[in-house]
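Student: I have a model on screen and want to learn how to read its side-chain contacts. Can we take the features one by one?

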Amino acid sequence: MVVKWVLHWQPSAGAQVTSQTLVDLFRSIESMNGVRTGRWQITAAQHRPFTRDQAMAIDCAKELLGVAFSEFASKHYFVLRAERMVVEADSSIQAIMEKLQVYRNRLSMVFEGFQYQLGDFQLKAGRAVLSQAENLRGIVLEFAQVEYSPVSSIEKTRQMMQEFVDLWQEAISAQSMSGRISLLEPNFAEYALSDTYTWQHTALQYIFLFAYFLSQSQRA
Amino acid sequence: MECVVQGIIEAQHVEALDVLLQGLCEGQREAVKTHEICLKSKPISSFADSRALESLETGTVASELHLLCDLSKRPHIWTVKHIGGAMRGTGAEQLPALVRNIVESKMSNNALRFFYAVGYKMDYELLRDGFAYRFQRAFPITVTVTSVCRLPKQHSIDEATPVTPNIQLVEVTAPATADNFSDVVPAISSFAEHLSPLVNLSKPGSFAGIVSTASTAAASLLSRSDRLEHRV
């Protein structure tokens, strides 16, 4: 699997993330001759243990995070941050967890937007919103080098990916946008993930972003 | 959902059963070596029983959660299986096979650690060692013949010993849905009839014992099989 970097829009001090920011980002991609190829959607969810009285309570992790990808709908991913664990399962695991009734869904966030082809790179740009609400929580940008000898090693691709980010940042600056694109890279090794990139790496990046956007909105 | 019948067979007749199953043709034989871990939830309070907890919460029959590691494949494949209660009611009791809800999911190899983290612990574990045949009839049917083995120490697969050295378990299962289980049950029963010279198959929990004439049937099957081999 090709390496993906999942970035987010970091507004400058005092600036806000708005729908216009996202439109401007789409324009920055199109200004680099990016061709829109479709839509994408990723859903992240936070689950908490069912509250029971003490006689019925179950000893379990206090937080369970889940993520599902529309482009890989047959799988579902769970992340337990305190336990430093990423789990991959068939999507039917959701039905099993529902039957076990250990956790309840506390809130969900939807990442959605447009996908672009830009030379050897595939880009996704979109918004993050809490389901049941339309307030924009953040802007997410994902890209991967998919053509011309794509590589699965995170370290071997680092320089090339950084060069692409720098190029994109120049295009953004040319549009006088007040902010920058920023990478929240999890420590994959802490989660027992190797240098060879997988969907579990992508799941962990989106979970980190989910947690980051939640913490930002709670601070606000 | 799935429909299930089970039976037991003496180990000395397993070879004959293997021949019989081959003879039913189109069946694909596969090795079975499955490490099965039965999980139960960890109540915080020592007074709470995990099964009672589920029953009280849902008002239903307690379900089971099993983690299966297929050791016959490399890399090992982990599957979690939620086995719901059997279908109830007068109609269900009259069915010759058990019909129960079942949901399965393949998982990454940290599945056991995951379930420990989300509130489960190992209740017991065992190793199933044997073979299986898959048949595609009107409905897909799987026949599994295994020796059920206990593990003397936690996860000690290499030290597993049969719970009943002279007896093996035969299971016939078929996936079903709420719309078609009434067709799947007779299909499984009809298939089970083919195996009746060697094994009595019935609903789990109501074993009909071993077939008294199995030795004769087995001898006949093996001798027919020998004669066919010589001709070839």
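Student: How many aromatic pairs does the structure hold over all chains?

Tutor: The structure holds 18 aromatic pairs over all chains. Phe, Tyr and Trp rings (for Trp, the six-membered ring) pair if their centres lie within 6.5 Å; planes under 30 degrees apart are stacked, over 60 edge-to-face, and the rest tilted. Before going on, note that this is a predicted model: local features need pLDDT of at least 70, side-chain atom pairs count only at pLDDT 80 or more, and totals for chains, interfaces and linings use all residues. Residues are numbered from 1 along each chain as its sequence is written, chains are lettered from A and ligands numbered from 1 in the order written, and side-chain values use heavy atoms, leaving out hydrogens and water.

Student: How is a pair of aromatic rings described?

Tutor: By the distance of the centres and the angle of the planes. Take Phe26(A) and Tyr116(A): 6.1 Å centre to centre, with 40° between the planes, a tilted pair. Phe26(A) sits in helix α1 (residues 19-31) of chain A and Tyr116(A) in strand β6 (residues 103-118) of chain A, 90 residues apart. Helices (H or I, at least four residues) and strands (E, at least two) are DSSP runs, numbered from the N terminus.

Student: Is Phe26(A) buried or exposed?

Tutor: Buried means under 20% relative accessible area, exposed over 50%, and partly exposed in between (1.4 Å probe, protein chains only). Phe26(A) has 10% relative accessibility, so it counts as buried. Tyr116(A) is buried too, at 0%. Now a second pair: Phe111(A) and Tyr206(A) are edge-to-face, 5.3 Å centre to centre and 70° between the planes. This pair joins strand β6 to helix α4 of chain A, across 95 residues. Phe111(A) and Tyr206(A) are both buried.

Student: Which residues do ring pairs link into a cluster?

Tutor: The cluster holds Phe69(A), Phe72(A), Tyr77(A), Phe111(A), Trp199(A), Tyr206(A), Tyr212(A) and Phe213(A).

Student: Which residues touch the most other members of the largest nonpolar core?

Tutor: A nonpolar core is a set of buried Ala, Val, Leu, Ile, Met, Phe, Trp, Tyr and Cys residues joined through side-chain atoms within 4.5 Å. The largest has 57 residues, and those touching the most other members are Val67(A), Phe111(A), Leu123(A), Phe143(A), Trp168(A), Tyr206(A) and Phe210(A). Helix α4 (residues 199-219) of chain A gives the largest share, ten residues. Apart from this core lies another, of 38 residues, including Val14(B) and Leu95(B).

Student: Which ring does Arg29(B) lie over?

Tutor: A charge sits over a ring if NZ of Lys or CZ of Arg is within 6 Å of the ring centre and within 35 degrees of the ring normal. Arg29(B) lies over the face of Phe131(B), 4.3 Å from the ring centre. In chain A, Arg36(A) lies over the face of Phe26(A), at 5.4 Å.
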